[in-house]
Amino acid sequence: MPPPLAESYSAAMQELGKKARNVVRDLDPTNDLRYLRVRAKRHEVLVAVDNEFLVIIIQRWTASS
């Protein structure tokens with residue numbers, strides 16, 4: 001993946017991870033977001049969220065027929 005595209009994904013997933021974590025905490029303060037999965041038409045994005053790091057996996061996704 002070209003570095004500019006990787007940086008774009010990283011920035012977007014960091015923001016989405018923060019927002020999703022806040023939603024989970026608003027719903028139940030005893031819970032915390034650990035993992036986020038987003039599926040689109042062609043790709044699936046898996047994000048592991050932690051205080052110290054963010055792991056992002058982007059994989060091609062196709063519906064089974």
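**Starting from one arginine**

Analyst: Arg21 is found in helix H1. Keep in mind that this is a predicted model.

User: Is Arg21 buried or exposed?

Analyst: Arg21 is buried, because its relative accessibility is 11% and the cut-off for buried is under 20%.

User: What does Arg21 touch, leaving out residues up to four places away in sequence?

Analyst: Arg21 touches Asp32, Leu33, Val49, Asp50 and Asn51. The side chain of Arg21 makes a polar contact of 3.0 Å with the side chain of Asp32. Another polar contact, also listed at 3.0 Å, links the side chains of Arg21 and Asn51.

User: Which residue forms a salt bridge with Asp32 at 3.5 Å?

Analyst: Arg25 does, with 3.5 Å between the closest N and O atoms. Asp32 is partly exposed, at 34% relative accessible area. Arg25 is partly exposed as well, at 36%.

User: How many salt bridges are there by this rule?

Analyst: The count is six. One of them pairs Asp50 with Arg34, with the closest N and O atoms 3.8 Å apart. Asp50 sits in the loop between E2 and strand E3 (54-60), and Arg34 in the loop between H1 and strand E1 (35-39), so this pair ties together parts 16 residues apart in sequence.

User: How accessible are Asp50 and Arg34?

Analyst: Asp50 is partly exposed, at 27% relative accessible area. Arg34 is exposed, at 56%.

User: And which residue meets Glu44 in a salt bridge?

Analyst: Arg39. The side chains of Glu44 and Arg39 meet at 3.7 Å, N to O. Glu44 is buried, with a relative accessible area of 4%. Arg39 counts as partly exposed, at 45%.

User: Switching to the fold. What does H1 look like in numbers?

Analyst: H1 has 25 residues. From first C-alpha to last, H1 reaches 36 Å, close to the 36 Å expected at 1.5 Å a residue.

User: Which residues of H1 are buried, and what covers them?

Analyst: Met13, Gly17, Ala20 and Arg21 are buried. The cover over the buried residues of H1 includes E1, E2 and E3.

User: How do E1 and E2 pair?

Analyst: E1 and E2 are antiparallel, over five bridges. They form a hairpin with three residues between them. Tyr35 stands opposite Ala48 in E2.

User: Now the core. Which residues make up the largest nonpolar one?

Analyst: Seven residues: Met13, Ala20, Leu33, Leu36, Val45, Val47 and Val49. Helix H1 (3-27) and strand E2 (43-49) are the elements that give two or more residues to this core. E2 gives the most, with three.

User: Why would such side chains be grouped like that?

Analyst: In soluble globular proteins, nonpolar side chains tend to be buried together.

User: Take Val45. What does Val45 touch, not counting residues up to four places away in sequence?

Analyst: Val45 touches Tyr9, Met13, Leu36, Arg37, Val38, Ile56, Ile57 and Ile58. Met13 and Leu36 belong to the largest nonpolar core, together with Val45.

How values were computed. Residues are numbered from 1 along each chain as its sequence is written. This is a predicted model: local features need pLDDT of at least 70, side-chain atom pairs count only at pLDDT 80 or more; totals for chains, interfaces and linings use all residues. Side-chain values use heavy atoms; hydrogens and water are left out. A nonpolar core is a set of buried Ala, Val, Leu, Ile, Met, Phe, Trp, Tyr and Cys residues joined through side-chain atoms within 4.5 Å. Buried means under 20% relative accessible area, exposed over 50%, partly exposed in between (1.4 Å probe, protein chains only). Helices (H or I, at least four residues) and strands (E, at least two) are DSSP runs, numbered from the N terminus. Contact means heavy atoms within 4.5 Å. A salt bridge is a side-chain nitrogen of Lys or Arg within 4 Å of a carboxyl oxygen of Asp or Glu. The expected span of a helix is 1.5 Å times one less than its number of residues. Two strands pair if DSSP finds at least two bridges between them. A polar contact is a pair of N or O atoms within 3.5 Å; within protein, one must be able to donate a hydrogen and the other to accept it, and residues adjacent in sequence count only if both atoms are side-chain atoms.
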